[in-house]
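These are my notebook entries on one protein model. I set down what I looked up, topic by topic.

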Amino acid sequence: MSYDVVVCGAGVGGLASARALGALGLTVLVLDRQKAPAEVAKGELLQPESVRILDDWGALPALRTGGAVPVDRLAIRDPGGRVLLGLDYRALPGAYREILCTGYSNVLHALAGTLGKTVEVRRGVLVEKAVRDPTGRVTGVRVIDGGRPEEICARLVVAADGLSSRLRRSAGLPGVRRDYDHRLLAFDLPGVRVADEVSAYRAEHGLRLVYPLPGDRCRLYVQIRPEELRGLGADALDAWCDRTLAGVPALEPLAEVLRAHLRGRQILAVYRLRAPRLSTPGLALVGEAAHAVHPMAAQGMNSSLGDAETLARLLESAGGGEPAAVDRALAGYHADRLRRLDHTATVSHNAARMLTSTAGPARLLGGRMMRHTAANPRLLRLTTGNLAGVDPHRLTPVDRLYQLGLLRDRRAYVGPEQPTTNGGRTA
Ligand SMILES: Cc1cc2nc3c(=O)[nH]c(=O)nc-3n(C[C@H](O)[C@H](O)[C@H](O)COP(=O)(O)OP(=O)(O)OC[C@H]3O[C@@H](n4cnc5c(N)ncnc54)[C@H](O)[C@@H]3O)c2cc1C
């Protein structure tokens, strides 16, 4: 069996690749080991750059029909709800100035609806490994379908099989994973209407994040230590919940529903990963197979969709699906994406440290950076553009000194008076 492209994994990275490559008229086979997508708390905030790509691909109407909630503001607040730093997405350049809050399965559904006639999706198929020719070029994959092994040939293999990518390993591409020192507890709370905002509360014991979801639901993430809930019985869990709520008075409107849904929590490990090489002849890494960042900056889908868009653009300009042209495009893909992914990794890691550090010096430093960023409209605009992905710019070493308050940024205060906070909406 032979295709132009075989895509392994039907998450955002895989479906986006199938959409973008199918639109070039290539025959694409998408394989996923799961019979249906799992309902997990991940990939719910679509930054404006993701919205731009999904709009280009015709996926926005399905997202809107699925109830995606538009939000134009991200605020870091103290436990009482006072704004420490507010990012106003309405100030972004261009047409895309909102985050869309939705479920990961809605994003997958919207993408699946845009796949062309040349794309076939097969579920319940485990991809075991990459197959290579005598030169070492990847020429297909070996799969297990219904207990039977099978080999599928393709001129291009896209490894979009997530964080623990078997394909990445079997193609000899390393991935360096580092775990953060905390976990996230995720709660899906029904029947509550929170402010149209992504609210990050910087509490003594770490981050508490709240945002709306379709159908009058909201997501609450609570940062915990790895062993914090281990072995807790029902009463101890209730006491833990009371202490958590007492630490963030602004969450009081969620107290009742949180107590009622304590047992529906998911505990998630938090990590970052980088593959130093994003391609090898015949194979491209896309999405979390290539890169993962701390989820709190909501950058993973921007990067996965951007991977797919870039890969298709380069393949088209390399002039076709012949192996030599594919390999030229793959070399370009590595060079093009590496810089952008480095930038995203830095932005995400810095945001994560600012929000999740609980130990003395790191927390003090994070607080200081937040204060100086909040007081500097230019840095606020840069930060908003970097998170949104529509107008990314690296912060220079001098900008870092401004952030730390070690230099005064004269440019930031020139011109008409600028607001330093954005009102005081609370959840
Ligand atoms: C808690 C959390 C919250 C997040 N929140 C956000 C957010 O708000 N915004 C954002 O942009 N990003 C967010 N992210 C990141 C985002 O979810 C990921 O970047 C995105 O899901 C990556 O998509 P992917 O397709 O690469 O991987 P996945 O979604 O993991 O998909 C991989 C697919 O490959 C399949 N697969 C794996 N191995 C095999 C195999 N051997 N054979 C066949 N199939 C296989 C799996 O079944 C799966 O369907 C979050 C992540 C986490 C963990």
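**Entry 1: strand pairing**

I began with strand 4 and strand 7 (residues 99–101), which run antiparallel and are joined by three bridges. I took two strands as paired if DSSP finds at least two bridges between them. Helices (H or I, at least four residues) and strands (E, at least two) are DSSP runs, numbered from the N terminus. The model is predicted: local features need pLDDT of at least 70, side-chain atom pairs count only at pLDDT 80 or more, and totals for chains, interfaces and linings use all residues. Residues are numbered from 1 along each chain as its sequence is written.

The open sheet has three strands in the order 3-7-4, with antiparallel pairing. Strand 3 (45–46) and strand 4 (69–71) are its edges; each has a single partner strand, so one side of each lacks a neighbour in the sheet.

Next I turned to strand 12. Strand 12 (residues 176–190) pairs with strand 16 (residues 266–274) in the antiparallel sense over eight bridges. Here arginine 178 stands opposite arginine 272 of strand 16. Strand 12 is also joined to strand 15 (residues 217–224) by eight bridges, again antiparallel. I noted that aspartate 188 has arginine 219 in strand 15 as its bridge partner.

**Entry 2: domains**

I recorded domain 1 (2–69 + 99–177 + 271–348), domain 2 (181–270) and domain 3 (355–413); the bounds come from an automatic or database domain assignment. The C-alpha centres of domain 1 and domain 3 are 32 Å apart. Their contact takes nine residues from domain 1 and eight residues from domain 3, where contact requires that the C-beta atoms, placed from the backbone, lie within 7 Å. On the domain 1 side, helix 2 (48–56) and helix 9 (323–356) are the elements that give two or more residues. Helix 2 gives the most to that side, with three residues.

**Entry 3: ligand shell**

Which residues come nearest to the ligand? I found Gly9, Gly11, Gly287, Gly300 and Met301, out of 34 residues around the ligand; a residue counts as near if its C-beta atom, placed from the backbone, lies within 6 Å. Helix 1 (12–22), strand 2 (28–32), strand 9 (125–132) and helix 8 (300–318) each supply at least two residues of this shell. Helix 8 has the largest share, four residues.

**Entry 4: core and surface**

I looked up the largest nonpolar core, which has 121 residues; Val6, Ala159 and Ala284 touch the most other members. Such a core is a set of buried Ala, Val, Leu, Ile, Met, Phe, Trp, Tyr and Cys residues joined through C-beta atoms within 7 Å. Helix 9 gives the most to this core, with 11 residues. Leaving out residues up to four places away in sequence, alanine 284 touches Leu156, Val158, Ala159, Leu278, Ser279, Leu311, Leu330 and Tyr333.

Is alanine 246, by contrast, buried or exposed? Alanine 246 is exposed, because 12 other C-beta atoms lie within 10 Å. The cut-offs are 20 or more such atoms within 10 Å for buried, 12 or fewer for exposed, and partly exposed in between, with C-beta atoms placed from the backbone. Alanine 246 lies in helix 6 (residues 234–247).

Note on methods:
Contact = placed C-beta atoms within 7 Å.
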